[in-house]
Amino acid sequence: MANKNIPSVSMFRFFANSVNILKNPLPFHHDNFEKLGDTFQLNIGPGKSVIFSRDAGFAQYALQKNQKNYKKSTIQTVDLAKYVGKGLLTSEGEHWRKQRKLIQPAFHKKQLIQLLDTIQAAILTELGKIETGSPMDIFPVFNDLAFQTVVKSLFSSAVGEKEISRLQYITEAGQKMLVKELRQPYFGWWFKLGGSIKHHVGLTQEAREILKTLVAKRKNSGVREEDLLDMLLDARYEDGSAMEEEQLIDEILILFTAGHETTSNALTFTAELLARDPDAQDKIAEEVAKASQETTGLFEFIQACPYTKNVIEEALRLYPPAYFIDRVNLEDDEFNGMFIPKGSNLLFSMHEIHRHADLWEDPDRFMPERFAEGNAQKHSAYYFPFGAGPRMCIGNNFAMYEMILAIAALIKKYKITSEKKEIEIHPLITLKPKNAILEFKLK
């Protein structure tokens with residue numbers, strides 16, 4: 001149904017562009033934003049529509065200021081949940097609040113500091129697999145690095161490579177299946193009839209059994225590893241009870257899904273940007289060399305690498321892994337003269353907000369200095385790499401520590417170049433890199 005307060009795109013135009021939208025929807029949405037303004041309505045079927053917005057004020061309103069009236073859409077609470085369960089990412093209401101309060105302490109900085117040696121060891125092992133002397137696709141290396149980091153942070157050394165490989169395959173297969181469901185809703189009947197959904201739900205059950213075995217081994221061992229699993233097993237609700245096994249497995253699956261995909265994407269885009277900016281590589285190398293000499297612990301080292309952090313922040317601006325944030329309003333609402341009927345599906349484009357010419361100087365240019373000390377705070381109203389409000393990503397500090405250590409180790413060891421001018425993207429559930437072919441030379 002058309003909303004007279006918001007310009008709309010016809011269902012006919014949507015279907016006429018469906019093939020291109022399936023490949024990459026961002027140019028279609030950008031064209032609509034340029035023609036219609038910062039908020040428009042896309043009609044996707046009889047009586048079905050989605051409101052797209054790159055209005056940073058509207059995003060902040062829905063995610064922070066009036067967040068109680070906005071919940072996650074069924075894309076996460078139903079579609080994704082069937083593959084990863086009802087954890088923090090996919091739950092709503094009281095269940096979400098209860099889980100967030102329970103799990104938050106495990107991601108406090110003082111807890112994460114205990115994991116830094118484990119994270120660093122996983123990073124150095126995976127970076128050692130980089131091939132020098134000829135161009136290579138760096139994404140698989142970062143993909144394995146991010147998954148290994150999550151697994152080792154959860155289970156220390158108690159999980160074998162065979163189990164890790166299977167868990168990684170299942171996690172990625174479920175996400176690919178979900179993309180098909182979302183991009184091709186008109187084939188929903190075939191996905192069910194043909195058995196694709198049943199097959200992937202079955203894979204998820206296999207992953208759950210692997211994880212239950214790992215958890216049981218930990219409980220029976222009586223040995224503490226001081227890793228994320230111990231922190232989750234130690235967590236207690238207000239009544240003193242611990243998480244039930246199924247809920248614990250849900251949260252671990254969420255950590256796999258949210259913790260490795262977004263980080264591997266961000267690291268790849270950061271490396272792509274650095275390959276095209278030798279000066280930025282030199283600045284990181286100089287900073288890392290100085291920090292290595294002047295610091296002892298890894299947390300102190302991270303704090304001594306502000307420019308490296310700025311580089312990652314700028315990469316997250318240009319290529320935010322969570323490039324859309326979805327919400328549905330519980331009651332009728334209004335923002336800046338726009339009427340938002342109850343139950344509207346909203347998609348806030350972080351990709352567009354992060355490149356909006358009204359908000360950023362030279363928005364398409366890679367400029368890490370824009371996040372230097374004293375500048376970063378002024379962008380907070382329109383910079384959302386980890387979301388915003390109460391549902392901001394619980395693992396944002398974990399991800400930043402991991403990425404700073406990874407980029408520091410990468411630039412310390414290698415000089416990166418690329419013969420390609422353009423950085424290719426592949427928008428799926430997250431914004432993924434495509435053909436990230438780079439060349440690495442030992443220093």
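Student: Which residue is the bridge partner of Ile51 in β9?
Tutor: Leu346 is the bridge partner of Ile51 there. Keep in mind that this is a predicted model.

Student: What makes β3 and β9 a pair?
Tutor: Two strands pair if there are at least two bridges between them. Strand β3 (residues 48-53) and strand β9 (residues 345-349) have three bridges, in the parallel sense, so by that cut-off they pair.

Student: Where do those two sit in their sheet?
Tutor: The order is β1-β2-β3-β9-β6-β4, an open sheet of six strands with mixed pairing.

Student: Why are β1 and β4 said to stand at the edges?
Tutor: Each has a single partner strand, so one side of β1 (8-9) and one side of β4 (70-71) have no neighbour in the sheet. Helix α4 (residues 56-65) packs on this sheet, touching β2, β3, β4, β6 and β9. The direction of α4 makes about 120° with that of β9.

Student: What about the sheet with the order β5-β13-β10?
Tutor: That one is open too, with three strands and antiparallel pairing. β5 and strand β13 (residues 437-442) share two bridges, and the cut-off is at least two, so they count as a pair. Met136 stands opposite Leu438 in β13.

Student: Which residues have the most contacts inside the largest nonpolar core?
Tutor: Phe155, Ile252, Phe256 and Leu410, in a core of 137 residues. Helix α14 (residues 245-275) gives the largest share of this core, 14 residues.

Student: Which residues does Phe155 touch, leaving aside neighbours within four places in sequence?
Tutor: Among them are Leu211, Leu214, Ile252 and Phe256.

How values were computed. Residues numbered from 1 in each chain as written. Predicted model: local features only at pLDDT ≥ 70, side-chain atom pairs only at ≥ 80, totals over all residues. Heavy atoms only, no water. Core = buried A, V, L, I, M, F, W, Y, C linked by side-chain atoms within 4.5 Å. Buried < 20%, exposed > 50% of the residue type's maximum accessible area, 1.4 Å probe, protein only. Helix = DSSP H or I, 4+ residues; strand = E, 2+ residues; numbered from the N terminus. Contact = heavy atoms within 4.5 Å. Axes fitted to C-alpha atoms, helices over the stretch in contact; angles between N-to-C directions.
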